[in-house]
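These questions and answers go through a model with two chains. Look at the sequence and the structure before reading on.

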Amino acid sequence: MTITEHPLAKKYLAAVARETAALSPERRNELLADLEEHIAVALVEESASGDDEIRAVLARLGDPRTIAATALGEEAAAPRPSLARALALLVLLAMTAPLSMLTPYPLLGCIPVAGAIWWLWTSRQWSRRDKVIGTVAAVVPLLFAVAESVAVMGDVHLGFGALFLPVGLLALVLPVAAGVYLLARAVRRPA
Amino acid sequence: MVPDIAGKPAAGKAESQLRKGVLEYCVLALLREGPRYGVELLETLGAVNVMVTSQGTIYPLLSRLRRDGLVETRWQESPSGPPRRYYELTPSGHTALKEFTAIWPHFREAVDHFITD
């Protein structure tokens, strides 16, 4: 039996679960997991497992109603992710591939690429992982175009060869796909 | 029965309002030197009496800091007990902390100015 299955801990967590019924399921599960970890870690660090010690840890955690009230307050206070910002990012990302790959001047693609990267990294609404995904997707068409033109100019046979079409198509759709993904992340994340 | 320690009558409305405003910056400051996990943060915060009356309320706060992009979390195994969820400052978190650190002395002085005769 793990310590969080102890009747006292279970009863406490059930009380928190009951009091946070109005919270979004994602937020609620996170809170319950955090509290569960807290109880287990606190008891391990005190090398304690007796009823009184569990009671003491729970007492310090506080009244489930107080925790629930704080959680509900934080949920309301959190800023809504901006849909406009996500849409603008999608437009910038959608421009990167055509400007990089379908014009005679691939370096034109630098403009939306720089814009998209700046727009991404100055925002707080995406996680670092999502920002990296967006950045990579923005840069790929430009890299593809530059690699192609270097290969052509130098008359070296380092081009993509038979892979030109599949890789090129992938580079074309990748930024839009990333833009849609980042938009979905912004929409799905509740305030 | 879980005793209701949050209802300490001495912790008045002013105190709880103040705490609400500054606690997150204290948390960010505690993370300045490196990642920490929840129980660790609470031990440090608990060393100063006014900061946390009900430890569990720190978790919704940490969750919001994470959603606001001020901290990041990752799980790390521990030699004893369950894996710990570590909180770490992001660049935005560092910026927010710097901004608060710059504002706070003025704020403190202004309040002192009005409440002392």
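Q: Which residues of α1(B) are buried?
A: A residue is buried if 20 or more other C-beta atoms lie within 10 Å of its own, exposed if 12 or fewer, and partly exposed in between, with C-beta atoms placed from the backbone. This is a predicted model, in which local features need pLDDT of at least 70, side-chain atom pairs count only at pLDDT 80 or more, and totals for chains, interfaces and linings use all residues. Residues are numbered from 1 along each chain as its sequence is written, while chains are lettered from A and ligands numbered from 1 in the order in which they are written. In α1(B), the buried residues are Glu24(B), Val27(B) and Leu28(B).

Q: What covers the buried residues of α1(B)?
A: Cover is judged by contact, in which the C-beta atoms of two residues, placed from the backbone, lie within 7 Å. Helices (H or I, at least four residues) and strands (E, at least two) are DSSP runs, numbered from the N terminus. For α1(B), the cover includes, from chain B, α2 (38-46), α3 (58-67), β3 (84-89) and α4 (91-115).

Q: Why does the end-to-end distance of helix α1 of chain B agree with its number of residues?
A: The expected span of a helix is 1.5 Å times one less than its number of residues. Helix α1 of chain B has 18 residues (13-30), so it should span 26 Å. That agrees with the distance between its end C-alpha atoms, which is 25 Å.

Q: Where does α1(B) bend?
A: A bend is the angle between axes fitted to the seven residues ending at a residue and the seven starting there. In α1(B) this angle is about 40°, and the residue is Val22(B).

Q: How many helices and strands does chain B have?
A: Along its sequence, chain B reads α-β-α-α-β-β-α. Of its 117 residues, 26% count as buried. Contacts in chain B with a separation of 6 or more involve residues 24 or more positions apart in 50% of cases. The elements of chain B come to four helices and three strands.

Q: At what angle do α2(B) and α3(B) pack?
A: Axes are lines fitted to C-alpha atoms, for helices over the stretch in contact, and angles run from 0 to 180 degrees between N-to-C directions. The axes of α2(B) and α3(B) are 11 Å apart, and the angle is about 115°.

Q: Which residues of α3(B) make the contact with α2(B)?
A: The residues of this contact divide into five nonpolar, one polar and no charged. Ala, Val, Leu, Ile, Met, Phe, Trp, Tyr, Cys and Pro count as nonpolar, Asp, Glu, Lys and Arg as charged, and the others, Gly among them, as polar. From α2(B) come Gly38(B), Leu41(B) and Leu42(B), and from α3(B) come Ile58(B), Tyr59(B) and Leu62(B).

Q: Why does Leu62(B) count as buried?
A: Leu62(B) lies in helix α3 of chain B. Leaving out residues up to four places away in sequence, Leu62(B) touches Gly38(B), Val71(B) and Tyr87(B). Its C-alpha atom is 8.4 Å from that of Val27(B), 35 residues away along the chain. Leu62(B) is buried because the number of other C-beta atoms within 10 Å is 24.

Q: Which residues of α4(B) are buried?
A: α4(B) has 25 residues and reaches 36 Å from its first C-alpha to its last. It bends by about 30° at Ile103(B), and the proline Pro105(B) follows within four residues. What covers the buried residues of α4(B) includes α1, β2 (71-76) and β3 of chain B. Those buried residues are Gly93(B), Ala96(B) and Leu97(B).

Q: How many helices does chain A have?
A: The pattern of chain A along the sequence is α-α-α-α-α-α-α-α. Of its 191 residues, 37% count as buried. Chain A has zero strands, and its helices number eight.

Q: Why does Pro141(A) count as buried?
A: Pro141(A) sits in helix α7 (residues 128-153) of chain A. Apart from residues up to four places away in sequence, it touches several residues, among them Thr96(A), Met101(A) and Pro175(A). Pro141(A) is buried because its C-beta neighbours inside 10 Å number 29.

Q: Which element gives the most to the side of chain A that touches chain B?
A: The contact takes 28 residues from chain A and 27 residues from chain B. On the side of chain A, α2 (25-45), α3 (51-61) and α4 (64-77) each supply at least two residues. This side divides into 14 nonpolar, four polar and ten charged residues. With twelve residues, the element that gives the most is α2(A).
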